[in-house]
Amino acid sequence: MASFRTSTGSKSTRRLLALALGLGLASAALGTANPASAQDTVASASRTATAGYVGAAGNTGNKAFFDAVLKSVAERQAEQPSLKVVTVYYNAAQAPSFRSQISSAASIWNSSVSNVKLQATSGTGDFTYYEGNDSRGSYASTNGHGRGYIFLDYAQNQQYDSIRVTAHETGHVLGLPDHYSGPCSELMSGGGPGTSCTNRYPNAAERSRVNQLWANGLTKALAQAGGAR
């Protein structure tokens, strides 16, 4: 996964993806980690797969997150085979300063794609948002075992458009990698286009990719669930 950062960094994301209205996505692993504090979260990130908002090297967390989501979907589907729509649940309680940005980012994605939806929860979510100070900036992180979170850095969110940063990081949860060399019109270009870029929406290719990933993910989850029975 990647993140909105102003240095070389990395990122990824996390947990309770419940398929609501259809394919109930369970513990997709992004928010289960529940670090004791934002500082602990940041410290653990350096030992796991991460990616940063600006100029990170690689996207090692993306596949781990998506695989965790599929596993969660398969588990939920096995219990509720009639479900068809994937809903990813997030908990923003640990990032109170960014509640508005997080809500806006979720709305942006929900209006942009049809095969997966984001929904807030006060309980255990598929992933969790945290806030604090980190020299690496904002990022998404996973330990590669179905646990992850999005960290939002105070300074970076003042330097860059905060909703763009949040929507970008959330894009990692949905399976998109960083592409820092892309134009401002590309959400996953992150901080590459500079601080003047305020585009908060994924472009047509990014929307199509997320819909494709989740359509395929649903099919794969159904197959996994069927094989488990």
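A polar contact of 2.8 Å links the side chain of D178 to that of Y180, where a polar contact is a pair of N or O atoms within 3.5 Å, one of which, within protein, must be able to donate a hydrogen and the other to accept it, with residues adjacent in sequence counting only if both atoms are side-chain atoms. The side chain of D178 is also joined to the side chain of H172, by a polar contact of 3.1 Å. The model described here is predicted, so that local features need pLDDT of at least 70 and side-chain atom pairs count only at pLDDT 80 or more, while totals for chains, interfaces and linings use all residues. Residues are numbered from 1 along each chain as its sequence is written, and side-chain values use heavy atoms, with hydrogens and water left out.

D178 lies in the loop between α5 (162–173) and α6 (204–228), the helices (H or I, at least four residues) and strands (E, at least two) being DSSP runs numbered from the N terminus. With a relative accessible area of 9%, D178 is buried, because buried means under 20% relative accessible area, exposed over 50%, and partly exposed in between, for a 1.4 Å probe and protein chains only.

The loop between α5 and α6 also holds S185, which counts as partly exposed at 44% relative accessibility. Leaving aside neighbours within four places in sequence, S185 is in contact with N199, Y201 and N203, contact meaning heavy atoms within 4.5 Å. For S185 and N199, which are 14 residues apart along the chain, the C-alpha atoms are separated by 6.2 Å.

Of the 229 residues in the chain, 58% are buried, and among the contacts with a separation of 6 or more, 75% are between residues 24 or more positions apart.

Helix α5 leads on to a pair of helices. Two packed helices are described by the angle between their axes and the distance between the axes. Helix α3 (residues 99–112) packs with α5 at an angle of about 55°, and their axes are 8 Å apart; the axes are lines fitted to C-alpha atoms, for helices over the stretch in contact, and angles run from 0 to 180 degrees between N-to-C directions. How do α3 and α5 lie to each other? They are oblique, because angles under 35 degrees count as roughly parallel, over 145 as roughly antiparallel, 65 to 115 as roughly perpendicular and the rest as oblique. On the α3 side, Q101, I102, S104, A105, I108 and W109 meet S162, I163, T166, A167, T170 and G171 in α5. By class, this contact of α3 with α5 has six nonpolar, six polar and no charged residues, where Ala, Val, Leu, Ile, Met, Phe, Trp, Tyr, Cys and Pro count as nonpolar, Asp, Glu, Lys and Arg as charged, and the others, Gly among them, as polar.

A140 and I150 are ten residues apart in sequence, and their C-alpha atoms are 4.3 Å apart in space.

A last stop is Q159, found in helix α4 (residues 154–159), which counts as partly exposed at 43% relative accessibility.
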